[in-house]
Amino acid sequence: YHMKVEAEAVQTLLNCRDDHNIKDFDQFHFSPRNVPYRHMPCYILKMFDELGFIRYYRIKRTTLARFILFVKKGYRDAPYHNWIHAFSVAHFGYLMIKNFNLVKDGYMTQLHALVFLVSCLCHDIDHRGTNNSFQTKCGTVLASLYSSEGSVMERHHLAQSMCILNTDGCNIFEGLTSEEYSEALDILRNNILSTDLASHFRAAENQREMIDQGYDKNDPKHQKLLHAMLMTCCDLSDQTKHWRITKKTAEQIYDEFFSQGDLEKSMGTAPIEMMDRERASIPDLQVQFITNLVLPLFSNLAALFPAAQILVDVIMKNREIWKMAKNVFQTYSETGVKCMDILL
Ligand SMILES: Cc1nc2ccc(C(=O)N[C@]34C[C@H]5C[C@H](C[C@H](C5)C3)C4)cc2n2c(-c3ccccc3Cl)nnc12
Ligand SMILES: [Mg+2]
Ligand SMILES: [Zn+2]
């Protein structure tokens, strides 16, 4: 099916100015989820502009506007894996490029940074609110296409992104030379595939070693590991925000997980505990997730970029609140009240 984006929507986006003078937009404590939904495409345009990508790669503004609207349209209305998630992931990518001076300090070329921002925006396109193991278990169409290589959903997000780039008037990379173009697609592929958490677990050890050895800006292996690490940081960036955001994100994620669990039960298969609303304890699961994944990841980031230490501090504080919530949940769950509303 062919998604249509009305010409007037493109025009409206082009006419938008950032007169929605949101302050602290370029600070780590800023929460992109507080940007009004209807202003999000405009802020994406602003980020591309501010990072100099439009000038540097002679991107036509109409092409970028149409591309942004096609990507937005490519997201479904899932509880968590929707356009707002894509916007918040892209915003964190923008924050890192800007606040860690990734290009100025030689961690990335301008091209890598452009593709990094595009990867963030596109990394979950057409997500259905179910994960890779669900695709394989239920033999979905996507599984038949990609399960032999693994990272089923991520390969689909990549394919959808390529499809949009190949749509008339949407190819924001058309101004690149042919070698820049093939490098861009190669980085887009690695970046989107690296958002599969299962592959992050495998790479995490190498990322730690890379940082202990000292990051080598000219080592292609180091560059690839860094891109993968930064992509996962963006994907999990809600964990670096105020507790209200972290709590709301957990509600949305477990809304998706539990719906998948219900679906698996109705199909006669038993869901894993994290997806079973009868068995899952969200505070316990979140303390584990933060301890085993989020904290090691952002500690690695802070080892490379000391400015990220404030993010580690916020993550630790949020974990303390989940630990307190564990006790609150325990007391209430005896009385049968088992919902997130108890949490402050
Ligand atoms: C707050 C929070 N909690 C999360 C708790 C759990 C998992 C999760 O997929 N766990 C795993 C645990 C093992 C090894 C692999 C494959 C499967 C088996 C399932 C991962 C993700 C969570 N997550 C994400 C997120 C990031 C990337 C993709 C999808 C999502 Cl949902 N973003 N934020 C959160
Ligand atoms: Mg994903
Ligand atoms: Zn994501």
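This is a predicted model: local features need pLDDT of at least 70, side-chain atom pairs count only at pLDDT 80 or more; totals for chains, interfaces and linings use all residues.
Author: The scale is pLDDT, the predictor's confidence in each residue, from 0 to 100. Helices are DSSP runs (H or I, at least four residues), numbered from the N terminus.

Reader: What is the mean pLDDT of the protein?

Author: The mean is 95, and 95% of residues reach 70 or more. Local features need pLDDT of at least 70, and side-chain atom pairs count only at 80 or more. Residues are numbered from 1 along each chain.

Reader: What lies at the ends of α5?

Author: N82 caps the N-terminal end, with a side-chain oxygen 3.0 Å from the backbone nitrogen of I84. After α5 comes N101, whose phi is positive, near 45°.

Reader: How many residues of α5 are buried?

Author: Buried means under 20% relative accessible area (1.4 Å probe, protein chains only). In α5, 14 of 17 residues are buried.

Reader: Which residues have the most contacts inside the largest nonpolar core?

Author: A nonpolar core joins buried Ala, Val, Leu, Ile, Met, Phe, Trp, Tyr and Cys residues through side-chain atoms within 4.5 Å. The largest has 106 residues; F67, M96, F173, F298 and L301 have the most contacts inside it. Helix α14 (residues 282-304) gives the largest share, twelve residues.

Methods
Chains are lettered from A and ligands numbered from 1 in the order in which they are written. Side-chain values use heavy atoms; hydrogens and water are left out. Buried means under 20% relative accessible area, exposed over 50%, partly exposed in between (1.4 Å probe, protein chains only). Helices (H or I, at least four residues) and strands (E, at least two) are DSSP runs, numbered from the N terminus. A polar contact is a pair of N or O atoms within 3.5 Å; within protein, one must be able to donate a hydrogen and the other to accept it, and residues adjacent in sequence count only if both atoms are side-chain atoms.
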